[in-house]
Amino acid sequence: MPDPFTTALAAALQSGALPPGVTARDPAEAPRRFAVYRNNVAHGLSRALATRFPVIERLLGAEFFAALAPLFIAAHPPASPRLFEWGGAFPDFLRTFPPLAGLPYLADVARLELARGVAYHAADLAPLSPAALAALAVAPDTARLALHPSVQVIASDHAVGTIWAANQPGSPPRDITDRPEVVAVLRDRGLSVQVWPLTPPEAAFVTALRDSLPLLAAAQAATCHAPHFDPAPLIGRLMQAGAFIAPSKETP
Amino acid sequence: MTQLPNAPGIGFKPEHFDALRASRPDLGFLEIHAENYMGAGGVPHAQLTALRADYALSLHGVGLSIGAPGRLDADHLARLRALIDRYRPESFSEHLAWASHGEAYLNDLLPLPYTPQTLAIVCDHIDEVQQMLGCQMLLENPATYVLFEQSTLPETTFLAEVVQHTGCGLLLDVNNMFVSASNHRFDPRAYLDDFPMQAVGEIHLAGHATEDLPSGPLLIDAHGSPVAEPVWALYAEVIARTGPRPSLIEWDNDVPALPVLLAEAARAGAVLAQAGAMADA
């Protein structure tokens with residue numbers, strides 16, 4: 001249970017009132033001096049949110065973002081000092097915030113940015129060796145390719161990957177045709193977080209692997225979208241990026 | 001834990017990683033904010049592993065909320081323990097402050113009144129931290145902007161009592177002390193006279209910002225500028241009393257290029273060298 005002291009100060013940090021007992025050498029200046037803490041908390045968390053969602057800040061503009069952030073912070077404050085894990089509720093907050101109803105793609109861009117944060121901090125696991133891949137390919141009906149925890153699939157009714165790429169620092173403004181897109185977010189062997197556009201069969205294949213389906217079943221899921229889909233090139237790219245790990249039954 | 005060398009260090013910023021690896025500057029140690037390394041893997045741990053091979057390491061926490069009533073976050077303590085077990089830092093330090101309320105982390109170092117009751121709380125928390133982490137910790141004096149009517153103990157007395165009851169060491173942040181002295185109109189030299197210098201295991205130096213209020217300046221511990229001249233003067237006086245101590249340049253906002261930090265560290269190094277020469281003479 002929170003105690004009366006921190007409860008009173010935390011409430012005052014929100015409300016702007018001066019908490020009981022707080023004073024200054026010149027008591028008339030106590031409110032102004034206490035406001036330093038209020039500004040620190042508000043500004044610090046707002047910047048932490050912007051660090052987590054830089055493209056959302058760019059899409060909304062710094063001023064709008066700074067006005068929106070306190071509303072999100074009040075409703076969904078970080079639950080721990082690990083601020084890089086904060087913000088899971090931000091996509092839904094953007095989706096349901098009435099003034100943003102005209103920008104329906106924002107929530108999915110925020111999901112992409114969340115996924116990039118997950119990929120950046122994901123566990124370090126040894127990639128699958130080419131020999132182990134070759135051994136798995138012998139029995140595709142039962143073999144499962146285990147994806148590294150950084151690998152995530154973001155499917156959207158909007159051009160989520162194109163919008164994200166067009167709003168990187170230094171990217172020139174350009175016209176974007178809004179259409180459904182799917183991207184894979186993953187961390188490569190150099191620890192860089194990548195955003196890969198996926199075709200519909202590629203997306204079905206990676207999603208099936210994410211769902212732990214065997215190799216053959218994943219390929220069949222993909223051929224629903226494209227009858228002649230060959231997963232080999234995509235498997236090659238994922239291998240090169242280190243996106244597969246040794247299956248857990250192989251680790252001692 | 002072994003000890004940090006009595007030499008200057010800098011707060012590590014990821015944007016300096018390549019420059020640090022390329023030039024391997026002569027620094028006594030690097031300091032990191034523990035919370036930034038509480039993810040599972042990826043770049044933060046790869047960078048820290050590489051740097052740890054070259055430098056002594058100070059693990060500095062900002063999120064433990066030692067200064068608030070209520071239980072410490074056991075999960076957070078366990079994460080600190082895991083970092084200590086993995087990287088074997090030469091030092092662990094935290095703040096005389098609080099940062100969480102209930103389920104919400106407020107991301108700032110918030111103040112507390114100094115009373116026998118808060119002293120007992122802080123001592124209990126530090127006992128728990130040192131037991132859980134299996135090492136002595138250093139407690140840092142805060143920069144504060146307000147006073148509490150409830151306070152009955154001077155900050156220096158509070159810190160001396162904490163040291164006596166828990167056996168922890170102190171991290172003397174000279175800029176924090178100067179900021180508080182300016183804000184509350186006390187004499188920083190009188191504060192230093194009362195400070196338990198024998199417990200100082202590390203010193204922090206940083207820049208502050210200034211606003212003008214009717215009664216005088218309001219100093220803010222902003223960590224976004226060079227160390228101010230009055231702080232350098234007080235630092236030399238501290239080192240004259242303590243002898244050489246590990247001394248950190250902190251610069252967390254508007255982070256400059258590495259050479260700017262190294263120049264500040266070299267200036268601290270000159271003060272340390274002079275004190276060392278005096279001690280040897």
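In the predicted model described here, helix 6 (residues 174-184) of chain B lies across strand 9 (169-173) and strand 10 (200-206) of chain B and runs at about 65° to strand 10 of chain B. Helix 8 (residues 229-242) of chain B also packs on the sheet, where it touches strand 9 and strand 10 of chain B, and its direction makes about 170° with that of strand 10 of chain B. Helices (H or I, at least four residues) and strands (E, at least two) are DSSP runs numbered from the N terminus. Axes are lines fitted to C-alpha atoms, for helices over the stretch in contact, and angles run from 0 to 180 degrees between N-to-C directions. Residues are in contact if their C-beta atoms, placed from the backbone, lie within 7 Å.

Residues are numbered from 1 along each chain as its sequence is written, and chains are lettered from A in the order in which they are written. Because the model is predicted, local features need pLDDT of at least 70 and side-chain atom pairs count only at pLDDT 80 or more, whereas totals for chains, interfaces and linings use all residues.

Chain B holds nine helices and 13 strands. Eight strands of chain B form a closed barrel in the order 1-2-3-4-7-9-10-13, with parallel pairing; two strands pair if DSSP finds at least two bridges between them. Neighbouring strands of this sheet are turned by 30° against each other on average, direction ignored. Strand 2 (residues 29-33) and strand 3 (residues 56-60) of chain B run parallel and are joined by five bridges, and B:Phe29 has B:Ala56 in strand 3 of chain B as its bridge partner.

The axes of helix 3 (residues 74-87) and helix 4 (residues 116-133) of chain B come within 9 Å and cross at roughly 45°. The two helices of chain B, helix 3 and helix 4, are therefore oblique to each other, a class that takes the angles left over when those under 35 degrees count as roughly parallel, over 145 as roughly antiparallel and 65 to 115 as roughly perpendicular. In this contact, B:Leu77, B:Leu80, B:Arg81 and B:Ile84 of helix 3 meet B:Val129, B:Met132 and B:Leu133 of helix 4.

The C-alpha trace of chain B spans about 50 × 45 × 40 Å along its principal axes. For chain A, the radius of gyration is 23 Å, but a compact globule of 252 residues would have one near 18 Å. The C-alpha atoms of chain A fill a box of roughly 80 × 50 × 30 Å along the principal axes.

Chain A has 11 helices and six strands. An open sheet of three strands in chain A has the order 3-4-5, with antiparallel pairing. Its edge strands are strand 3 (152-156) and strand 5 (193-198) of chain A. Six bridges join strand 4 (residues 181-187) to strand 5 of chain A, and A:Val185 stands opposite A:Val195.

The contact between the chains takes 41 residues from chain A and 39 residues from chain B. Helix 2 of chain A provides the largest share of the chain A side, 11 residues. Strand 1 of chain A and strand 8 (residues 147-148) of chain B run antiparallel and are joined by two bridges, with A:Thr23 opposite B:Leu147.

Methods. Contact = placed C-beta atoms within 7 Å. Rg over C-alpha atoms; globule rule 2.2 N^0.38 Å.
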